[in-house]
Amino acid sequence: MKITDLLCLQSIDLNASAVDKKSAIASAVDLVAKSGNLNDVASYHQAVLKRESEGSTGIGEGVAIPHAKSSSVKKATLAAMVFRGGVEFESFDGENVELLFMIAAPEGGAEEHLVILSKLSELLMKGDFVQNLIGASSKEEFLSIIDKAQNEIDAVENQQECVAKEAQIIAITACPTGIAHTYMAAQALQDKAREMGVQIKVETRGSSGVKNELSSQDIQNASAVIVAADTQVPLGRLRGKKVIFCKVADGIYRPKELLDEALGGNVEIYQAESLGEQSTSKEGNRIYKHLMNGVSHMLPFVVAGGILIALAFLVDGLFVDMQNASDGVKKAFGSNNELASFLMNLGKLAFGFMLPILSAFIAQSIADRPALLVGFVGGAIAGNGQSGFLGALLAGFLAGYLILWLKKAFELLPSSLDGLKTILFYPVFGTLLVGVLMLFVVEPPVGYLNQMLNSGLNSMSGEWKVLLGMLLGAMMATDLGGPINKAAYVFGVAGIASENYDIMAAVMVGGMVPPLAIAIATLLFPSRFTPQERKSGPTNFVMGFSFITEGAIPFAAADPLRVLGSCIVGSAVAGGMSMYFGCELRAPHGGIFVFPVVKSVGYYLLSLFVGSLIGACLLGILKKKIPAVES
């Protein structure tokens with residue numbers, strides 16, 4: 001599909017004017033109507049305004065793409081406007097809009113408007129494309145510029161497809177959350193392969209789904225496969241191929257070593273018993289992946305429940321103050337007014353699923369769907385008993401391996417009973433066995449251990465608390481979202497479950513420091529960073545304040561020793577200060593947006609500021625000055 005196929009001369013205005021966003025949208029709707037592809041102009045106009053109310057379509061750099069899908073649209077259509085002098089459009093970068101494209105897509109057009117939007121986005125990323133359009137002297141020249149740019153992009157895409165078909169190496173990247181590491185590992189492998197002259201195709205399995213999926217032909221033609229993943233990926237299709245298994249962080253930090261190993265040919269051939277089997281070459285990696293599968297599914301329950309409970313405490317704290325001022329009556333948190341009670345009950349309900357979900361998806365990672373119920377029951381027993389978080393972890397692995405054992409045991413049954421195994425035998429026998437083992441084998445010793453651990457944490461004070469905070473903060477910055485970071489985070493979540501809220505506070509402040517330290521350093525010490533790093537540095541303010549530690553990864557990948565060393569020190573200081581000041585956090589995520597529910601929030605902000613500034617200053621001292629020729 002060509003963009004110019006959807007854009008007629010009547011729907012282009014190269015000398016548009018508007019006093020504000022509202023009038024600009026109204027003028028663009030009129031241009032769309034001139035195409036003759038609207039059944040109801042007013043209805044489409046309302047659809048555009050409704051979409052705009054959900055968030056501005058001013059994408060920045062002087063460009064806006066308002067759009068809507070409506071039954072009033074006959075077929076997909078575009079309108080284009082150039083505003084001489086610009087018009088205010090509430091763009092995210094605050095810049096006035098000079099170039100506007102409006103997309104009209106029919107209601108039954110499935111994802112047609114998204115296809116158009118993606119193609120437009122690609123074009124608008126091309127160098128001086130926007131300025132060329134703004135400078136067009138005629139509508140015909142405007143269309144010609146679009147055609148030329150799209151032809152160039154299509155040629156590059158065709159070339160990439162040809163390269164992919166002849167790929168020597170193929171790879172799969174995936175991380176538990178599917179947001180940052182997945183795509184950074186893919187980019188690192190592709191960049192290094194291009195530098196080495198190696199053809200590669202990378203399949204990413206992220207939160208938005210599978211992208212660039214490997215075909216059977218890709219797999220057949222590949223000389224080796226790199227699987228950089230910290231969560232489950234379908235591996236049965238790789239049976240008989242030379243496969244390198246590694247953590248997703250290795251894909252980011254060690255792309256050359258992985259490619260060299262793949263090209264060297266001294267790689268173990270992967271064997272799988274079935275197409276659905278998940279396996280790795282190392283037992284430690286398998287255990288880690290099972291654990292991360294449970295943690296990634298558990299996190300939404302922890303985040304939603306924890307924040308709602310924290311809000312209930314905040315609302316109730318205000319109400320308690322009012323009660324004390326009036327009659328001295330102080331009721332229990334969560335029962336002083338209807339709003340606090342509602343938030344508390346809803347939060348506890350969501351939070352209460354944390355341990356069963358953790359166990360269920362650890363078990364499911366080990367033995368697939370038949371283990372889901374058994375793991376859920378094991379986690380519920382741990383949650384209702386004394387073993388808590390530790391018991392739930394064990395319950396997940398116990399349930400998974402129980403089901404694997406039952407699968408082996410039931411192989412002796414006649415094949416006519418195969419249909420009953422999943423719906424009857426596995427759930428009944430699995431639940432019975434996990435219940436007995438949890439209640440009589442796991443609960444007593446683990447419950448005692450859990451109580452000892454909680455008592456030890458509660459009694460810990462002074463320098464020991466500070467040291468714990470420093471350790472947790474340092475762990476959060478050690479591998480920026482990798483296994484060590486995740487271990488500290490899981491420990492913080494366990495702290496919330498056992499009402500040790502200062503642990504989570506130290507963990508989160510430690511995780512916020514690395515991106516913030518880098519953002520500050522790019523401003524204070526610009527000569528230590530490349531032009532590209534200086535340009536992207538300030539975005540780490542958003543990452544850091546949102547508790548997205550992964551924002552520091554591109555900088556760490558370019559200079560790991562100095563960047564990680566500086567961030568580790570800064571995070572350790574922040575975590576230790578948070579513990580020293582007795583800061584507490586009941587919400588397991590949210591960054592600065594949950595600071596209102598932090599106990600001793602002033603000291604918490606101070607801890608974050610000092611840790612980030614120390615990390616930034618160390619970066620300025622340790623990093624070498626970039627030669628002027630490179631900047």
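The model is predicted, so local features need pLDDT of at least 70 and side-chain atom pairs count only at pLDDT 80 or more, while totals for chains, interfaces and linings use all residues. Residues are numbered from 1 along each chain as its sequence is written, and side-chain values use heavy atoms, with hydrogens and water left out.

**Whole chain**
- The protein chain has 23 helices and eleven strands. These are DSSP runs numbered from the N terminus: helices are H or I with at least four residues, strands E with at least two.
- Of its 631 residues, 50% count as buried. Buried means under 20% relative accessible area, exposed over 50%, and partly exposed in between (1.4 Å probe, protein chains only).
- The accessible surface is about 28600 Å², and carbon and sulfur atoms hold 60% of that. Areas come from the Shrake-Rupley method with a 1.4 Å probe; for residues, only the protein chains shown count as cover.

**Strands β10 and β11**
- Strand β10 (residues 224-229) pairs with β11 in the parallel sense over four bridges. Pairing takes at least two DSSP bridges between two strands.
- A228 stands opposite C246 in β11.
- In β11 (residues 243-246), V243 and F245 point one way. I244 and C246 point the other way, and all of these are buried.

**Around F353**
- F353 lies in the loop between α11 (338-351) and α12 (354-367).
- F353 is partly exposed, at 35% relative accessible area.
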